[in-house]
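Q: I would like to learn how to read a protein model, one feature at a time. Where do we begin?

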Amino acid sequence: MNKAFKPSSDKKYIAFNKPYAVLCQFTLPEGSSKKTLAEFDFPKDVYSVGRLDFDSEGLLILTDDGRLNRKLLSPGQSHPRTYYACVENIPSAGQLQKLCSGVMIEGKKTLPAQAKLLTEEPKLPPRTVPIRERKHIPTVWVSLSLTEGRNRQVRKMTAGIGCPTLRLVRIAIGGLSLFDLQLIPGQWKALSEKELDSLFVKPIG
(Lines give C-alpha, C1' and ligand atoms only; values in the text may rest on other atoms or scores of the structure.)
Protein backbone atom coordinates (compact mmCIF):
# COMPACT_ATOMS: atom_id res chain seq x y z
CA MET A 1 0.00 0.00 0.00
CA ASN A 2 1.21 3.51 -0.84
CA LYS A 3 2.23 5.41 2.29
CA ALA A 4 3.17 8.65 0.55
CA PHE A 5 -0.36 10.09 0.64
CA LYS A 6 -2.64 9.88 3.66
CA PRO A 7 -6.20 11.07 3.01
CA SER A 8 -7.82 13.52 5.43
CA SER A 9 -11.12 12.50 6.98
CA ASP A 10 -12.56 15.96 6.38
CA LYS A 11 -11.66 16.05 2.68
CA LYS A 12 -13.48 14.73 -0.37
CA TYR A 13 -11.99 12.45 -3.05
CA ILE A 14 -14.19 11.73 -6.06
CA ALA A 15 -13.91 9.77 -9.30
CA PHE A 16 -16.07 10.94 -12.22
CA ASN A 17 -16.66 9.51 -15.68
CA LYS A 18 -16.67 12.74 -17.69
CA PRO A 19 -18.94 12.54 -20.72
CA TYR A 20 -18.17 13.91 -24.16
CA ALA A 21 -18.94 17.62 -24.70
CA VAL A 22 -18.53 18.77 -21.08
CA LEU A 23 -16.19 21.58 -20.07
CA CYS A 24 -13.81 20.58 -17.28
CA GLN A 25 -14.75 23.59 -15.12
CA PHE A 26 -17.64 24.78 -12.99
CA THR A 27 -18.19 28.27 -14.40
CA LEU A 28 -19.58 28.84 -17.87
CA PRO A 29 -17.68 31.24 -20.15
CA GLU A 30 -19.74 34.31 -21.00
CA GLY A 31 -21.98 33.70 -23.98
CA SER A 32 -21.37 29.93 -23.98
CA SER A 33 -24.12 27.31 -23.85
CA LYS A 34 -21.81 24.36 -23.22
CA LYS A 35 -22.26 21.95 -20.32
CA THR A 36 -19.92 22.23 -17.33
CA LEU A 37 -19.14 20.19 -14.21
CA ALA A 38 -21.71 22.32 -12.35
CA GLU A 39 -24.49 20.14 -13.82
CA PHE A 40 -23.46 16.95 -12.00
CA ASP A 41 -24.30 17.77 -8.35
CA PHE A 42 -20.80 17.49 -6.94
CA PRO A 43 -20.20 18.36 -3.28
CA LYS A 44 -19.32 21.97 -2.57
CA ASP A 45 -15.74 23.23 -3.03
CA VAL A 46 -14.32 20.31 -5.02
CA TYR A 47 -12.33 20.99 -8.19
CA SER A 48 -10.81 18.80 -10.87
CA VAL A 49 -7.30 17.42 -10.52
CA GLY A 50 -5.94 18.14 -13.97
CA ARG A 51 -8.42 18.26 -16.81
CA LEU A 52 -9.93 16.55 -19.81
CA ASP A 53 -10.72 18.49 -22.96
CA PHE A 54 -14.30 19.31 -23.94
CA ASP A 55 -14.24 16.58 -26.61
CA SER A 56 -12.46 13.97 -24.45
CA GLU A 57 -14.09 11.51 -22.06
CA GLY A 58 -13.29 9.32 -19.11
CA LEU A 59 -11.77 9.26 -15.66
CA LEU A 60 -11.48 12.57 -13.83
CA ILE A 61 -10.57 13.04 -10.17
CA LEU A 62 -12.09 15.84 -8.10
CA THR A 63 -11.11 16.89 -4.60
CA ASP A 64 -10.97 19.75 -2.13
CA ASP A 65 -7.54 18.58 -0.94
CA GLY A 66 -4.71 20.53 -2.55
CA ARG A 67 -2.20 17.92 -1.41
CA LEU A 68 -3.68 15.37 -3.81
CA ASN A 69 -3.50 17.83 -6.69
CA ARG A 70 0.20 18.44 -6.02
CA LYS A 71 0.92 14.74 -5.55
CA LEU A 72 -0.69 13.67 -8.83
CA LEU A 73 0.35 16.57 -11.06
CA SER A 74 3.88 17.40 -9.91
CA PRO A 75 6.19 16.83 -12.93
CA GLY A 76 8.73 15.04 -10.74
CA GLN A 77 6.21 12.31 -9.86
CA SER A 78 6.14 10.80 -13.42
CA HIS A 79 2.55 9.81 -12.70
CA PRO A 80 0.97 7.66 -15.47
CA ARG A 81 -2.37 8.37 -17.13
CA THR A 82 -3.70 5.82 -19.62
CA TYR A 83 -5.91 6.61 -22.61
CA TYR A 84 -7.71 4.69 -25.32
CA ALA A 85 -7.68 6.57 -28.63
CA CYS A 86 -9.61 5.62 -31.74
CA VAL A 87 -7.45 6.83 -34.61
CA GLU A 88 -7.66 7.02 -38.37
CA ASN A 89 -5.23 4.77 -40.24
CA ILE A 90 -3.43 1.81 -38.68
CA PRO A 91 -0.08 2.81 -37.14
CA SER A 92 2.93 0.77 -38.19
CA ALA A 93 5.41 -0.61 -35.69
CA GLY A 94 7.64 2.36 -36.51
CA GLN A 95 4.87 4.86 -35.87
CA LEU A 96 4.04 3.22 -32.53
CA GLN A 97 7.71 3.36 -31.59
CA LYS A 98 7.69 7.06 -32.38
CA LEU A 99 4.82 7.54 -29.92
CA CYS A 100 6.88 5.68 -27.33
CA SER A 101 10.17 7.47 -27.91
CA GLY A 102 8.72 10.95 -28.38
CA VAL A 103 6.92 13.16 -30.87
CA MET A 104 7.83 16.78 -31.56
CA ILE A 105 4.95 19.03 -30.48
CA GLU A 106 5.35 22.77 -30.91
CA GLY A 107 9.13 22.48 -30.89
CA LYS A 108 9.40 20.22 -27.84
CA LYS A 109 9.64 16.44 -27.81
CA THR A 110 7.19 14.49 -25.66
CA LEU A 111 8.50 12.34 -22.83
CA PRO A 112 8.80 8.57 -23.29
CA ALA A 113 5.40 6.84 -23.29
CA GLN A 114 3.86 3.41 -23.73
CA ALA A 115 1.79 2.73 -26.85
CA LYS A 116 0.24 -0.39 -28.32
CA LEU A 117 -2.56 -1.40 -30.67
CA LEU A 118 -5.63 -2.95 -29.08
CA THR A 119 -6.51 -6.29 -30.64
CA GLU A 120 -10.24 -5.56 -30.42
CA GLU A 121 -12.49 -2.57 -29.91
CA PRO A 122 -12.79 -1.76 -26.18
CA LYS A 123 -16.18 -2.10 -24.50
CA LEU A 124 -17.06 1.56 -24.07
CA PRO A 125 -20.48 3.21 -23.93
CA PRO A 126 -21.51 4.76 -27.24
CA ARG A 127 -20.59 8.43 -27.55
CA THR A 128 -23.49 10.91 -27.64
CA VAL A 129 -22.16 12.24 -30.94
CA PRO A 130 -20.86 9.43 -33.19
CA ILE A 131 -17.26 9.71 -34.36
CA ARG A 132 -16.53 10.82 -37.89
CA GLU A 133 -16.11 7.85 -40.19
CA ARG A 134 -14.65 8.01 -43.70
CA LYS A 135 -15.55 4.97 -45.73
CA HIS A 136 -12.15 4.27 -47.26
CA ILE A 137 -9.97 5.08 -44.19
CA PRO A 138 -9.51 2.32 -41.59
CA THR A 139 -9.65 3.03 -37.85
CA VAL A 140 -8.09 1.26 -34.88
CA TRP A 141 -7.88 1.70 -31.11
CA VAL A 142 -4.54 2.53 -29.50
CA SER A 143 -3.63 2.41 -25.80
CA LEU A 144 -1.35 5.24 -24.68
CA SER A 145 0.15 5.75 -21.23
CA LEU A 146 1.74 9.16 -20.55
CA THR A 147 3.48 10.76 -17.61
CA GLU A 148 2.98 14.35 -18.73
CA GLY A 149 -0.12 16.37 -19.52
CA ARG A 150 0.51 18.96 -22.19
CA ASN A 151 -2.44 20.64 -23.89
CA ARG A 152 -4.30 18.14 -26.12
CA GLN A 153 -1.18 16.01 -26.04
CA VAL A 154 -2.58 12.65 -27.16
CA ARG A 155 -4.38 14.23 -30.11
CA LYS A 156 -1.25 16.09 -31.16
CA MET A 157 0.91 12.97 -30.77
CA THR A 158 -1.30 10.78 -32.93
CA ALA A 159 -1.73 13.53 -35.52
CA GLY A 160 2.06 13.85 -35.53
CA ILE A 161 2.41 10.26 -36.78
CA GLY A 162 -0.36 10.63 -39.35
CA CYS A 163 -3.13 8.98 -37.32
CA PRO A 164 -5.61 11.66 -36.16
CA THR A 165 -7.62 10.85 -33.04
CA LEU A 166 -11.38 10.48 -33.54
CA ARG A 167 -12.36 9.54 -29.97
CA LEU A 168 -10.32 9.82 -26.78
CA VAL A 169 -11.13 8.21 -23.42
CA ARG A 170 -8.95 8.31 -20.30
CA ILE A 171 -9.41 4.87 -18.81
CA ALA A 172 -6.96 4.93 -15.87
CA ILE A 173 -4.96 7.17 -13.57
CA GLY A 174 -2.15 5.20 -12.01
CA GLY A 175 -3.72 1.86 -11.12
CA LEU A 176 -7.25 3.24 -10.73
CA SER A 177 -9.27 1.93 -13.68
CA LEU A 178 -12.50 3.36 -15.00
CA PHE A 179 -13.60 -0.21 -15.78
CA ASP A 180 -13.10 -1.30 -12.16
CA LEU A 181 -15.07 1.71 -10.91
CA GLN A 182 -17.98 0.77 -13.21
CA LEU A 183 -19.09 4.37 -13.64
CA ILE A 184 -21.27 5.21 -16.60
CA PRO A 185 -20.71 8.59 -18.33
CA GLY A 186 -21.95 11.38 -16.06
CA GLN A 187 -21.76 9.25 -12.90
CA TRP A 188 -19.41 9.84 -9.95
CA LYS A 189 -18.56 8.21 -6.63
CA ALA A 190 -16.57 8.97 -3.50
CA LEU A 191 -13.35 6.97 -3.54
CA SER A 192 -12.62 4.44 -0.83
CA GLU A 193 -9.21 4.58 0.80
CA LYS A 194 -8.18 1.51 -1.21
CA GLU A 195 -9.31 3.11 -4.49
CA LEU A 196 -7.54 6.34 -3.60
CA ASP A 197 -4.40 4.41 -2.85
CA SER A 198 -4.51 2.75 -6.27
CA LEU A 199 -4.02 6.16 -7.90
CA PHE A 200 -0.38 5.82 -6.90
CA VAL A 201 0.12 2.30 -8.24
CA LYS A 202 1.65 2.01 -11.70
CA PRO A 203 -0.56 -0.02 -14.07
CA ILE A 204 0.67 -3.38 -15.33
CA GLY A 205 1.34 -3.72 -19.05
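**Reading the model**

Q: Which residues is Gly160 in contact with, leaving aside its neighbours within four places in sequence?
A: Contact means heavy atoms within 4.5 Å. Gly160 is in contact with Lys98 and Val103, once neighbours within four places in sequence are left aside. Before we go on, this is a predicted model: local features need pLDDT of at least 70, side-chain atom pairs count only at pLDDT 80 or more, and totals for chains, interfaces and linings use all residues. Residues are numbered from 1 along each chain as its sequence is written, and side-chain values use heavy atoms, with hydrogens and water left out.

Q: Which residues of α3 are buried?
A: Start with the general idea. An α-helix has 3.6 residues a turn, so residues three or four places apart point the same way. In α3, the buried residues are Gln153, Val154, Arg155, Met157 and Thr158. Their cover includes β6, α2 (93–101), β7 (104–105), β10 (139–146) and β11. Just after α3 comes Gly162, with a positive phi of about 85°.

Q: Which residues other than glycine take a positive phi?
A: Asn89 is one of them, with phi near 70°. Asn89 sits in the loop between β6 and α2. At 30% relative accessibility, Asn89 is partly exposed. Glu106 is another, with phi near 50°. The loop between β7 and β8 (108–109) holds Glu106. Glu106 is exposed, at 68% relative accessible area.

Q: How many residues line the largest pocket?
A: Rolling a probe the size of a water molecule over the atoms shows where empty space is left. On a 1 Å grid over the protein atoms alone, a pocket is an open set of points where a 1.4 Å probe fits, with protein on both sides within 12 Å along at least five of seven lines; lining residues have an atom within 4 Å of a point. Here, 28 residues line the largest pocket. Arg81, Tyr83, Glu148, Gly149 and Arg150 lie nearest its centre. The largest pocket has about 530 Å³ of space, a volume being the space filled by probe spheres set on the points, which are joined across faces, edges and corners.

Q: Which element gives the most to that lining?
A: β11 does, with 3 residues. At least two residues each come from α1 (66–73), β6 (81–88), α3 (153–160) and β11 (165–173). Sorted by type, the lining has 12 nonpolar, 9 polar and 7 charged residues. Nonpolar means Ala, Val, Leu, Ile, Met, Phe, Trp, Tyr, Cys and Pro; charged means Asp, Glu, Lys and Arg; the others, Gly among them, are polar.

Q: How many aromatic pairs are there?
A: A pair of aromatic rings is described by the distance of the centres and the angle of the planes. Rings of Phe, Tyr and Trp (its six-membered ring) pair if their centres lie within 6.5 Å; planes under 30 degrees apart are stacked, over 60 edge-to-face, and the rest tilted. By this rule the count is 8 aromatic pairs. Phe5 and Tyr13 form an edge-to-face pair, 6.1 Å centre to centre with 85° between the planes. Phe5 is buried at 8% relative accessibility, and Tyr13 is buried at 6%. The rings of Tyr84 and Phe179 have centres 6.2 Å apart and planes at 40°, so this pair is tilted. Tyr84 is in strand β6 and Phe179 in helix α4 (residues 178–181), so the pair ties together parts 95 residues apart in sequence. Tyr84 is buried at 15%, while Phe179 is partly exposed at 36%.

Q: Which residues form one aromatic cluster?
A: Phe16, Phe26, Phe40, Phe42 and Trp188 do. Phe26 lies in the loop between β2 (22–23) and β3 (35–36). Not counting residues up to four places away in sequence, Phe26 touches Thr36, Leu37, Ala38, Phe42, Val46, Tyr47 and Leu62.

Note on methods:
Helix = DSSP H or I, 4+ residues; strand = E, 2+ residues; numbered from the N terminus. Buried < 20%, exposed > 50% of the residue type's maximum accessible area, 1.4 Å probe, protein only.
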